[in-house]
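Dear colleague,

I am handing over the structure below, together with notes on what was found in it. Please read the notes with the coordinates open beside them.

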Amino acid sequence: MDNISDPILDIRGLTKVYSGGLKALDSVDLQIRRGEIFALLGPNGAGKTTLIGAVCGMVRISSGTIEAFGEDLGRHWRSARQRIGLVPQELGFDMFDTVERQVGYSRGLFGRAPDPERIEEVLRSLSLWDKRSEEIRKLSGGMKRRVLIAKALAHDPELLFLDEPTAGVDVELRRDMWRQIGMLREQGVTVILTTHYIEEAEEMADRVGIINKGQLLLVDEKDAMMKRLGRTEAHFALAAPLAEIPAALADYPLTLTDDGRTLCYRGGDGTGKGKEEVAAVATALVRNGITFTALEQKESSLEDIFVDLVEQQGLAA
């Protein structure tokens with residue numbers, strides 16, 4: 001875990017056990033830097049929403065501490081919560097109210113003075129200004145989710161949680177939302193998001209945490225994580241099948257598939273030498289008179305790393 005001085009959010013030993021015995025969070029330690037975009041990844045039921053609920057005061061923790069802005073949330077929840085925004089998964093507002101009134105009400109709910117100009121700015125940034133007088137029940141699903149985001153931004157939070165913000169929304173809305181998140185980063189807002197679209201985390205996040213079964217498996221800089229845990233995969237389509245891997249290639253992580261017609265390389269884990277070794281394998285094949293007709297090569301994505309870590313934990317359980 002990183003040594004982060006003056007974190008905006010400092011979670012230590014966070015545990016949540018429900019009455020039935022389910023341990024939703026298991027001694028989670030997590031420190032969030034000011035101004036970063038942090039992606040929390042994990043399968044359904046991993047503990048992502050429970051962790052967010054604990055910070056936002058919707059889940060009573062069993063043990064551990066949570067500090068936000070240097071204040072213990074257990075003792076200073078009200079003042080700290082005014083500085084935190086949340087876009088939840090579920091739609092939750094008065095469907096018969098208008099967009100503008102609901103967003104303005106949300107600002108007042110967190111102790112902020114009325115500011116029509118700021119509300120207009122938020123609504124315009126989310127393409128909602130033309131819908132400001134519409135009843136929410138008449139909006140499309142995508143527009144309703146925009147209203148959720150507007151409500152979360154109305155009181156100008158310094159720390160913003162986005163819980164699966166793009167689940168079930170169209171590509172246009174997803175693009176608008178990420179543009180908005182980029183603007184928030186420029187304004188110094190700290191963003192913590194959960195998402196099923198791991199390619200979004202790969203593109204947007206500064207750091208990534210992977211959680212499963214209530215345990216935080218790994219937290220690291222995104223680029224460092226991909227370099228350290230990434231791998232290279234290559235598939236050589238052979239002109240003639242091989243019965244076994246030649247002795248000249250025995251030192252490389254190779255397997256034969258497709259009845260000996262495809263030579264597969266999977267290596268470079270944590271070394272960054274995968275590309276060099278693929279080139280060396282290709283040279284050795286030519287040197288030994290083994291012809292290949294095609295070569296496909298790819299580097300690990302963040303999703304590959306995520307799946308591997310979750311599967312490893314499942315095997316170890």
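**Salt bridges and burial**

At 46% relative accessibility, Arg266 counts as partly exposed, where buried means under 20% relative accessible area, exposed over 50% and partly exposed in between, with a 1.4 Å probe and protein chains only. Its partner in a salt bridge is Glu233, with the closest N and O atoms 3.9 Å apart; a salt bridge is a side-chain nitrogen of Lys or Arg within 4 Å of a carboxyl oxygen of Asp or Glu. Glu233 lies in strand S11 (residues 232-238) and Arg266 in strand S13 (residues 262-267), so the pair ties together parts that are 33 residues apart in sequence. Glu233 itself counts as buried, at 17% relative accessibility. Salt bridges that share partners also join Arg107, Arg118, Glu121 and Asp156 into one network.

Please keep in mind that this is a predicted model, in which local features need pLDDT of at least 70 and side-chain atom pairs count only at pLDDT 80 or more, while totals for chains, interfaces and linings use all residues. Residues are numbered from 1 along each chain as its sequence is written, and side-chain values use heavy atoms, with hydrogens and water left out.

The structure holds 16 salt bridges. One of them pairs Glu158 with Arg83, the closest N and O atoms being 2.8 Å apart, and this pair links distant parts of the chain, since Glu158 sits in the loop between helix H5 (141-153) and strand S7 (159-163) and Arg83 in the loop between helix H2 (77-81) and strand S6 (84-87), 75 residues apart. Glu158 is partly exposed, with a relative accessible area of 29%, and Arg83 is likewise partly exposed, at 26%. Another salt bridge joins the side chains of Glu135 and Arg137 (2.5 Å, N to O).

As for the whole, the protein has ten helices and 14 strands, these being DSSP runs numbered from the N terminus (helices H or I, at least four residues; strands E, at least two). Of its 317 residues, 49% count as buried. Among contacts (heavy atoms within 4.5 Å) between residues at least 6 apart in sequence, 70% join residues at least 24 apart.

Finally, seven of the eight residues of helix H1 (residues 48-55) are buried, so this helix is largely enclosed by the rest of the structure; among the buried ones are Leu51, Ile52 and Val55. Just after H1, Gly57 takes a positive phi of about 80°.

With best regards
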